[in-house]
Amino acid sequence: MSIQLNHTIVAARDKAASAEFTAGVLGLDVGAPFGPFLPVQTANGVTLDFMEVQPDRIVPQHYAFLVSDEEFDAIFRRIQDAGIHYYADPAHHEEGRINHRDGGRGAYFDDPNGHNLEILTRPYGSGG
């Protein structure tokens, strides 16, 4: 059996609001609750399981999503339409810009809990 990432827990103050935010921006669906989790599944079967925790227990994480050029356009339009601040770099120094690493496009933005989300059209190191 090859090893695959199946799911990860995303700490949130409000799991419904956080799941809806992420699903809405990415164009995905929020699944049915499963125990304390509210899942958002990506196309490759990985599930982001949103779980409510105390705000002081949230440690910001980074979640990167490899998307097609068409998906990037749609997601980026939703980011802009929602007035979400976006950046070309993970440290958030290049506000209002996207990057073109490896011949693709990428952007970073925060979710309501301070998690650093990234969309990119080319995997790192793929050249171009």
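The largest cavity in this predicted model is lined by Asn99, Arg101, Gly104, Arg105, Gly106, Glu118, Leu120, Thr121, Arg122 and Tyr124. About 40 Å³ of space lies inside that cavity. The largest pocket has a volume of about 400 Å³, and 16 residues line it. An open sheet of three strands, E4-E6-E5 in order, is described below, as is a hairpin of strands E2 and E3.

**Cavity**

- The count of cavities of 30 Å³ or more comes to one.
- The lining of the largest cavity divides into two nonpolar, four polar and four charged residues.
- Among the lining residues are Arg101, Arg105, Arg122 and Glu118.
- Gly106 and Arg105 belong to this lining, and both also touch Ile119.

**Largest pocket**

- Of the 16 lining residues, Thr42, Ala43, Asn44, Phe65 and Leu66 lie nearest the pocket centre.
- Strand E4 (62-66) and helix H2 (69-81) are the elements that give two or more residues to this lining.
- The largest share comes from E4, with four residues.
- By type, the lining of the largest pocket holds 12 nonpolar residues, three polar and one charged.

- E4 and strand E5 (106-110) form the edges, each pairing on one side only.
- Neighbouring strands of this sheet are turned by 20 degrees against each other on average, direction ignored.
- E4 and strand E6 (residues 116-120) run parallel, joined by five bridges.
- Within this pairing, Phe65 stands opposite Ile119 in E6.
- Helix H2 packs on the sheet and touches E5 and E6. The direction of H2 makes about 140 degrees with that of E6.

**Ile119**

- Ile119 is found in strand E6.
- Its relative accessibility is 0%, so Ile119 counts as buried; the cut-off for buried is under 20%.
- Not counting residues up to four places away in sequence, Ile119 touches Leu26, Phe65, Val67, Phe72, Ile75, Phe76, Ile79, Arg105, Gly106, Ala107 and Phe109.
- Ile119 and Thr42 are 77 residues apart in sequence, and their C-alpha atoms are 13 Å apart in space.

- Strand E2 (residues 37-41) pairs with strand E3 (residues 47-52) in the antiparallel sense, over five bridges.
- The bridge partner of Gln41 in E3 is Thr47.
- Five residues lie between the two strands, and Gly45 takes a positive phi near 90 degrees in this hairpin.
- E2 is largely enclosed by the rest of the structure, because four of its five residues are buried.

**Ser18**

- Ser18 has its place in helix H1 (residues 15-26).
- Ser18 counts as buried because its relative accessibility is 2%, against a cut-off of under 20%.
- Beyond residues up to four places away in sequence, Ser18 touches Ala12, Phe50 and Asn113.

Note on methods: Residues are numbered from 1 along each chain as its sequence is written. This is a predicted model: local features need pLDDT of at least 70, side-chain atom pairs count only at pLDDT 80 or more; totals for chains, interfaces and linings use all residues. Side-chain values use heavy atoms; hydrogens and water are left out. Buried means under 20% relative accessible area, exposed over 50%, partly exposed in between (1.4 Å probe, protein chains only). Two strands pair if DSSP finds at least two bridges between them. Contact means heavy atoms within 4.5 Å. On a 1 Å grid over the protein atoms alone, a cavity is a set of points where a 1.4 Å probe fits but cannot get out, and a pocket is an open set with protein on both sides within 12 Å along at least five of seven lines; lining residues have an atom within 4 Å of a point. Grid points are joined across faces, edges and corners, and a volume is the space filled by probe spheres set on the points. Ala, Val, Leu, Ile, Met, Phe, Trp, Tyr, Cys and Pro count as nonpolar, Asp, Glu, Lys and Arg as charged, and the others, Gly among them, as polar. Axes are lines fitted to C-alpha atoms, for helices over the stretch in contact, and angles run from 0 to 180 degrees between N-to-C directions.
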